[in-house]
Amino acid sequence: MAYVITQNCCKDASCVPVCPVDCIRPVGGAGSFTGTEMLYIDPNSCIDCGACQEECPVGAVYYEDDVPAGLEFFRDINARYFEQHPLEPDHSAPPAEHGRVSPGALRVAVVGAGPAGCYAVDQLLGVDGVEVSLIDRLPTPFGLVRAGVAPDHQHTKSITKLFERAFTNERLRCYFNVEVGRYLTHVDLLAHHHAVIYAVGASRSRSLGIPGEELPGHHAASEFVGWYNGHPDHVDWAYDLSGERAVIIGNGNVALDVARVLLASMETLADTDIAEHALNALENSNIREVVVLARRGPRHAAFSIGEFLALGALPDVDIIVASDDLEPEPDDDVETIVKLEVARDYAQRPATPGNKRIVFRFHATPTEIVGDSHVEGVRVSPGMPDAAAELIEASMVLRSTGYRGSAIADVPFDDASGTVPNDRGRVIGGVPGTYVTGWIKRGPRGVIGTNRTCAEQTVARVWEDFDANVIQRRLPERADLDALLADRAAGPLGWQDWRTIDTAERDRGRQASRPRVKFVAVDEMVAAARKS
Ligand code: NAP
């Protein structure tokens, strides 16, 4: 009997070092990114000890006999991975641990309290003596775990438990509700810290560069995600959900999140922490069909198997796959083969009258968003010379074509990639002591746990520079930063303030029989924190 990794896998890989027989793959050393969408357990080597299940921060590991309904296929996927990649001993060296330093010998500012920043903080504080200031412009930490992960993926949000140890460390000071660029400059940060690690993510959406993008009814999926998750920047948006069909351009995991949320039942959504305004708007939504458009074929679909497979279990929703290009090719990897298998299964399922539908279209490149004063549809070109362009009518179009980072004042920026140029996390062309981690470093790719190895790589550069005496110097007292913020009338909130907000949101949730009811305006969050 064996344990099985399932859909929720966040690739944080906490399970890997605790496995006594080293049977979880793929693994990579510090900073090496493995290509698969998730991790797998070799059923022939697993000794059933359950250590991986205990360690998994998001509840993705199940005993073979306890795999919940709808996830059974993962037994097969775990096994098939090892048919293609027989288990070999792992010779990659674990990340080198730095020895303790004298108190405050290294003080680091981490900007951005999303998963990328949190992993960096956790790793820095793992070395005795290191002091860290964690700064975020919002009063709430956890970045995309709070404002990006889909509300029906509550399990994934439990990753935040991993960071509790770091947040309660007395060498950490949190400065939430403090915007760098407004209250603090890069120069200020370097005056008070030996190093600054930017973990500010990639919050802008890529545009399509086609006519009609300016039409009302066309939005970035990233904004829609921020809206339903109650991100203060996006709560004032209004979405027209009066039509029956929405089109999503792009078929990555964000597209699938949005498609599910658009069609989910009220019972499903009411059981989540979706923002109240979104719950109310979706209750009155008329949307019954979501068309997910891809410019390439099914083999190149950007969604991951787990997310694609899970769609098949949505109540009262049919998954329609419109493609005759679903056969594997000899050198396809196991994840592609399985994706195509799942797609073939969907393609053969009969439609159920009265059900809502998610329709996957492939080889359909959007060429124009059509409409007079509002979106009326998307024109797509099938990419084949003789085939005619087609108009897909829709009252809402969401482009889910990936994210872009924004430039940080006084830090180099590569506009083409939307990232900060860096060598394994050390900023190239910047002032010594400047580093990046997460999406602003490597682009908008990978799942939450990918940030762990990413942070290991960046933190290793900080230690290299520390040991080479590049960033060591005498700093002002820690309290001087607080004094500076007070002078500038910033109102920083700390970890306990967030705990107060968190408790208040959960209390509101209890009254509404929901996991939490979020505050969605910065003022409300600050008021809740100050109430204590
Ligand atoms: P993504 O995975 O990069 O997908 C972007 C999609 O947009 C692709 O299908 C891409 O097609 C398409 N696209 C890009 N430019 C286009 C254009 N001009 N016209 C038409 N299509 C275009 O991005 P994402 O969905 O935003 O996800 C970002 C990251 O977050 C991913 O690593 C994802 O796995 C992760 N994420 C994970 C989860 C989860 O695990 N549940 C949830 C959300 C996000 P091409 O492939 O042809 O370029």
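Pro-26 lies in the loop between β2 (24–25) and β3 (40–41), where helices (H or I, at least four residues) and strands (E, at least two) are DSSP runs numbered from the N terminus.

Before I go on, the ground rules. This is a predicted model, in which local features need pLDDT of at least 70 and side-chain atom pairs count only at pLDDT 80 or more, while totals for chains, interfaces and linings use all residues. Residues are numbered from 1 along each chain as its sequence is written, and side-chain values use heavy atoms, with hydrogens and water left out.

Asp-410 has a positive phi of about 70 degrees although it is not a glycine. Asp-410 sits in the loop between β19 (403–404) and β20 (422–423), and at 56% relative accessibility it counts as exposed. The classes are buried under 20% relative accessible area, exposed over 50%, and partly exposed in between, with a 1.4 Å probe and protein chains only. Asn-469 is not a glycine either, and has a positive phi of about 65 degrees. Asn-469 is in the loop between α16 and α17 and is exposed, with a relative accessible area of 52%.

That brings us to α17, residues 479–487, in which Leu-481, Leu-484 and Leu-485 are buried. Seen down the axis of α17, the buried residues fall within an arc of 95 degrees, so they line one face of the helix; the arc is that of the directions from the helix axis to the C-beta atoms. An α-helix has 3.6 residues a turn, so residues three or four places apart point the same way. On the other side of α17, Ala-486 and Asp-487 are exposed.

Next, the strands; two strands pair if DSSP finds at least two bridges between them. β12 (residues 289–293) and β14 (residues 356–361) run parallel and are joined by five bridges, with Val-291 opposite Val-359 in β14. β13 (residues 317–322) also pairs with β14 in the parallel sense, over six bridges, and here Ile-319 stands opposite Ile-358. From β13 the chain crosses through helix α14 (residues 334–348) to β14, and this β-α-β crossover is left-handed. For the convention, a crossover is right-handed if, with the strands pointing away from the viewer, the path from the first strand over the helix to the second runs clockwise.

On a 1 Å grid over the protein atoms alone, a cavity is a set of points where a 1.4 Å probe fits but cannot get out, a pocket is an open set with protein on both sides within 12 Å along at least five of seven lines, and lining residues have an atom within 4 Å of a point. Grid points are joined across faces, edges and corners, and a volume is the space filled by probe spheres set on the points.

There are four cavities of 30 Å³ or more.

Finally, the second largest pocket holds about 1500 Å³ of space. Of its 49 lining residues, Pro-17, Pro-95, Gln-123, Arg-452 and Glu-456 lie nearest the centre. Helix α16 (450–467) gives the most to that lining, with nine residues.
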